Amino acid sequence: MKVFLPDDSALELDSGANGHDAAGAIGPGLAKAAVALKVADELRDLARPLADGDHIEIVTSRSGDDYLYVMRHSAAHVMAEAVETLFPGTKFGFGPPIEDGFYYDFDLPRPLTEEDFPAIEAEMKRIVKAKAPFQRSVMSIADAREYFAERDDPYKVDQIDELERQGEHEVSLYRQREFIDLCRGPHLQDSGKIGAVKLLSVAGAYWRGDEKNPQLTRLYATAFGKQADLDTHLERLEQARLRDHRRLGRQLELFYFDDAGPGFPFFLPKGMAVINAITEALRDELRRMDYQEIATPTILSERLWHQSGHYEHYKDSMYFTQVDDQGFAVKPMNCPGAILVYGSKRRSYRDLPIRLAEFGNVHRHELSGALHGLLRVRAFTQDDAHVFCRLDQVQDEVRSALDLVDRFYARFGFSRVEMNLATRPEKATGSPEMWDAAEEALRDALGDREYGVKDADGAFYGPKIDFQVTDSMGRSWQLGTVQLDFFMPERFELSYVNEDDDEVRPVMIHRAILGSVERFFGILIEDTGGDFPFWLAPVQARVLPISDRHADYAREVEAALRERDLRVEVDDRGESVGKRIRDGELAKVPYLLIVGDREVHQGGVSVRGRGGRDEGAAALADIADRLVAEASA
Ligand SMILES: [Zn+2]
Ligand SMILES: [Zn+2]
């Protein structure tokens with residue numbers, strides 16, 4: 001039989017040959033380096049037989065993500081075996097590879113702590129050293145259920161039931177030594193090929209992410225082919241830990257969470273100062289771009305959500321309530337509100353484009369296990385806007401939104417913006433001609449920019465452009481989006497009156513620059529490590545009187561700077577100046593202004609900049625001018 005290699009060359013093999021044979025036929029070096037196989041984009045064990053005409057790719061330790069996926073998945077099985085050995089009676093949940101590592105969910109006979117990690121790692125090393133082969137077998141659903149039921153592994157039985165509901169008739173199992181797991185695979189040939197492993201953390205996780213289910217223990221770990229790569233990764237994790245926005249949010253008193261509102265953030269005065277600075281800057285832009293700001297209700301009739309299609313597509317993420325015995329829902333998106341505003345009066349072609357902006361607070365249910373600080377919340381504010389225009393106005397509207405993205409992101413130091421055009425998905429509403437016109441309008445608006453194309457990734461109602469930025473740690477974040485929509489204007493029968501007095505449907509553009517203001521704030525905290533650009537700093541300057549007799553003057557300095565719209569506070573606690581300087585630095589206040597006898601006498605301040613930089617004395621009026629200039633830079 002014949003199989004095809006990535007360069008489309010054919011490889012002649014005996015029938016029944018497997019991945020090992022294919023690698024061996026290419027060369028002995030590859031036979032040794034091979035760890036898995038890719039057949040038409042599906043990862044498989046080397047030992048699986050090939051079929052005539054297969055397009056194959058040999059995965060080796062140089063194959064990047066494919067290699068890491070298979071190796072980490074194998075390491076997860078080894079970790080599960082180690083846990084079973086050390087904690088007999090453990091029951092097993094899911095244990096998948098994830099980005100940057102893998103985890104396994106266990107139902108353990110006793111709680112696990114980080115103190116158990118060395119013993120588990122040592123047991124894993126023993127299994128790796130034993131070079132235990134991973135052996136695949138296939139069982140009928142019924143046999144597999146009986147096997148795991150007998151083993152008293154209820155979560156595996158639940159997985160099997162789920163697979164049966166999905167229409168599977170048989171399942172695959174993998175065994176290394178005495179440990180057998182329900183698993184799709186693929187795996188390395190043996191545990192000896194697993195690289196450097198490190199257990200990272202332990203957390204609670206509800207079975208299938210649902211808090212009505214039992215809570216399991218999730219053990220996070222990672223593995224790399226080489227120790228040096230693992231070390232680099234661990235160093236990065238430590239950096240990320242120091243910048244974790246949840247930790248900094250507490251330390252800098254920006255926001256917090258209370259048990260009374262899981263997933264619903266509480267913003268503290270300093271956090272609100274930053275958020276207000278962001279939204280005010282954006283409102284300035286919107287005013288210049290001739291947007292009009294509106295506010296629409298948080299709770300609206302269920303009827304509306306049926307009409308908009310949100311009920312159908314989104315109901316599992318929506319919160320419902322009753323008003324006067326009628327069904328209502330908390331808005332998960334702002335679009336229907338804006339549509340009602342547009343439709344609230346007769347619109348003429350002369351009014352278009354109509355640009356309605358809304359900083360709308362939306363609620364979406366997330367499973368408790370998915371919540372993550374400000375990055376994944378249940379309530380957030382979208383910097384939303386809906387533009388209603390003619391088809392021939394789309395290009396200009398989109399182009400000006402893209403310019404705004406460039407301009408606005410740059411203010412936060414995000415100079416590298418990646419744009420992706422997502423095109424017509426399989427399930428799409430509207431005619432092919434409409435879609436072609438819309439995609440062409442977006443392409444034209446993108447013009448000379450570099451952009452990627454995500455084929456068939458558009459919304460069901462229209463194509464879109466997504467924006468991504470890279471932060472100081474090299475991590476990529478998806479922020480805003482511009483989407484074209486022909487569907488909602490149709491559903492709500494929106495219209496404007498054209499030159500000939502005919503009623504015509506407008507096109508709707510949904511666009512958000514930041515996406516979620518809360519999430520953007522979280523990303524910004526991690527990107528800056530809390531050292532916000534001066535214009536965003538929650539406290540831009542702190543005045544430190546050297547002793548009590550300078551306190552009145554310190555208040556005068558504070559008042560003079562506040563008069564200039566700067567965010568200033570006085571620290572006149574009975575602590576030493578040295579201690580208060582350290583506290584100011586820990587609070588990441590950009591300027592500490594120290595005042596004593598000399599400063600009172602001269603009507604000035606002693607300036608300490610970021611990083612303890614001593615900038616000497618300055619007259620009050622001069623420092624005020626300088627800070628105002630820096631705030632508007
Ligand atoms: Zn597995
Ligand atoms: Zn919208």
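**Arginine 491 and the zinc site**

Guide: Arginine 491 is partly exposed, with a relative accessible area of 30%. Buried means under 20%, exposed over 50%, and partly exposed in between (1.4 Å probe, protein chains only). This is a predicted model: local features need pLDDT of at least 70, side-chain atom pairs count only at pLDDT 80 or more, and totals for chains, interfaces and linings use all residues. Residues are numbered from 1 along each chain as its sequence is written, chains are lettered from A and ligands numbered from 1 in the order written, and side-chain values use heavy atoms, leaving out hydrogens and water.

Visitor: Which helix is arginine 491 found in?

Guide: Helix α15, residues 487-491. Helices are DSSP runs (H or I, at least four residues), as are strands (E, at least two), numbered from the N terminus.

Visitor: What does arginine 491 touch?

Guide: His306, Gln307, Ser308, Gly309 and Glu312, leaving aside residues up to four places away in sequence. Touching means heavy atoms within 4.5 Å. Glycine 309 is 182 residues from arginine 491 along the chain, yet their C-alpha atoms are 8.7 Å apart.

Visitor: New topic. Which residues are the protein donors of the zinc ion (ligand 1)?

Guide: His73 (NE2), His77 (NE2) and Cys183 (SG), at 2.0 to 2.3 Å. Donors are N, O and S atoms within 2.8 Å of the metal (3.2 Å for Na, K and Ca); water is not among the atoms, so sites may look incomplete.

Visitor: Are histidine 77 and cysteine 183 buried or exposed?

Guide: Both are buried.
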